[in-house]
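Thank you all for making the time this morning. I would like to walk you slowly through one protein chain, with the sequence and the coordinates on the screen.

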Amino acid sequence: MLFAFYSFLFLLTGVYALLLLRLRSGLRNLAEEETRDVPSTLSVSIVVPLRNELAALPELLRSLSGQHYPSGTHEVLLVDDHSEDGSAEELRRITHGQPSYRVLSVPDGMMGKKDAIAFGVQHAKGEVILTTDADCTHPPGWLAAMSDTFTPGVDVVAGPVVYADRGSLFKRLQALEFLGLVGVGAGFFGIGYPRICNGANFAYRREAFLRAGGYAGNRGIHSGDDEFLLQDIVYRQGGGARFTISPDSVVTAQPAPDFLSFMRQRIRWVSKSRHGSDSRFVSFLVLLFVYFVLLSLMPLAVLYAPYTVPLAVVIAVAKLALDTSVLLPSAALLRMPVRIPDIIIAELLHPFYLVIASIIGSTGAFTWKGRRLRNH
């Protein structure tokens, strides 16, 4: 039994190595990519879906109002999803008399992030839709950096999102884990196989959204407003996609305030995985899940058979080296500081919370923004 356990674990570590080394090459491709972006003349509609974000609104509006972009060529649509904390009323008060801002309220019968975005796109005037989240802040060149990436043939642009708050170990670990997710997504773009992006920094041509039918094909799935649309545009429409690593394109988000909130967020993200349209990719995700299950069981194997400690150490060190091979280039691309001790701590925790989130997320049920939701 132990022989089979470790044999399979070594095999899956090899598969994991092939994936991460390929993604590392994708990050290298992005770093070496010669960009010929020219100042954009496209009109842009920034769509911000929000629910119960009253505390975040001042910083959000400050960063959006500070964008360096030609006046009259962009608008901001703040789409309220039935907030219960007065967010919509406060937005209307703050933005009163500012023609570039519009506050929309999702009508009765509609709810959730996808409905909010679709409602915003319905009212948008821009050629390009640029989405972000209400708890994010943006550098002054963000809008221009994302818009300029729409060279001919490009229909969708993904940008990086980072956690800048590292005031505690928990926040640093979140920032590190999130950096890894962004790095993996960027690596997929770099190898010409875009699969993962983040709706907090995501742009697409409005006509591409309409051709895809919006979220008609996955309306019953309450997450995936970014990745499903990316895949529809690229793999069903044959659209071009790019990932920008411009320093001006980096959006800053907020880490979860506590462990429960962190797990709820990861469960929500995982809940969409089995609904992917690419069966090969879904199968690969299942294989990775099995790998992490075996990693999480490895301490029990060591307790049962202490003589297997050298095998466990080899596997753990191999995973650490592989993860670091993606984390460090990602940190370099995004100019993010990382600490080796934090990486080691994150490695010890990684398999356990990922397996827990995956198991709970596979049910399709989760709690988010005060709502109990289920994918179907």
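What you see is a predicted model, in which local features need a pLDDT of at least 70, side-chain atom pairs count only at pLDDT 80 or more, and totals for chains, interfaces and linings use all residues. Residues are numbered from 1 along each chain as its sequence is written, and side-chain values use heavy atoms, with hydrogens and water left out.

The predictor's confidence in each residue, from 0 to 100, is called pLDDT; its mean for the protein is 92, and 97% of the residues reach 70 or more. Confidence is highest in strand β4, residues 128-131, at a mean of 98, and lowest in strand β10, residues 365-368, at 77.

Let me turn to the core. A nonpolar core is a set of buried Ala, Val, Leu, Ile, Met, Phe, Trp, Tyr and Cys residues joined through side-chain atoms within 4.5 Å, where buried means under 20% relative accessible area, exposed means over 50%, and partly exposed lies in between, with a 1.4 Å probe and protein chains only. Which residues touch the most other members of the largest nonpolar core? They are Ile46, Leu78 and Tyr204, in a core of 100 residues, and helix α1, residues 2-32, gives the largest share of this core, with 12 residues. Apart from it lies another core, of 8 residues, including Ala256, Met263, Tyr353 and Phe366.

If we count contact as heavy atoms within 4.5 Å and set aside residues up to four places away in sequence, Leu78 touches, among others, Val48, Leu50, Leu91 and Tyr101.

On a 1 Å grid over the protein atoms alone, a cavity is a set of points where a 1.4 Å probe fits but cannot get out, a pocket is an open set with protein on both sides within 12 Å along at least five of seven lines, and lining residues have an atom within 4 Å of a point. Grid points are joined across faces, edges and corners, and a volume is the space filled by probe spheres set on the points.

The second largest pocket holds about 370 Å³ of space. Its lining has 16 residues, of which Met298, Ala312, Ala316, Glu347 and Leu348 are the closest to its centre. At least two lining residues come from each of α10 (279-304), α11 (309-334) and α12 (340-361), and the largest share, 7 residues, belongs to α11. We count Ala, Val, Leu, Ile, Met, Phe, Trp, Tyr, Cys and Pro as nonpolar, Asp, Glu, Lys and Arg as charged, and the others, Gly among them, as polar; on that basis this pocket has 14 nonpolar, no polar and 2 charged lining residues.

How many cavities of 30 Å³ or more are there? The count comes to 1, and the largest cavity has about 30 Å³ of space. Among the residues lining this cavity are Leu27, Val182, Phe243 and Ser330, and the elements that give two or more residues to the lining are α6 (169-190) and α11.

Finally, some single residues. Ala145 lies in helix α5, residues 142-148, and is buried, with a relative accessible area of 11%. Beyond its neighbours within four places in sequence, Ala145 is in contact with Ser246, Asp248 and Ser249. Although 108 residues separate Pro139 and Pro247 in sequence, their C-alpha atoms are 8.8 Å apart in space.

Two further residues deserve a look for their backbone angles. His82, in the loop between β2 (74-80) and α3 (87-95), is not a glycine and yet has a positive phi, near 55°. Arg335, in the loop between α11 and α12, also is not a glycine and has a positive phi of about 55°; Arg335 is exposed, with a relative accessible area of 57%, whereas His82 counts as partly exposed at 25%.

How values were computed
Helix = DSSP H or I, 4+ residues; strand = E, 2+ residues; numbered from the N terminus.
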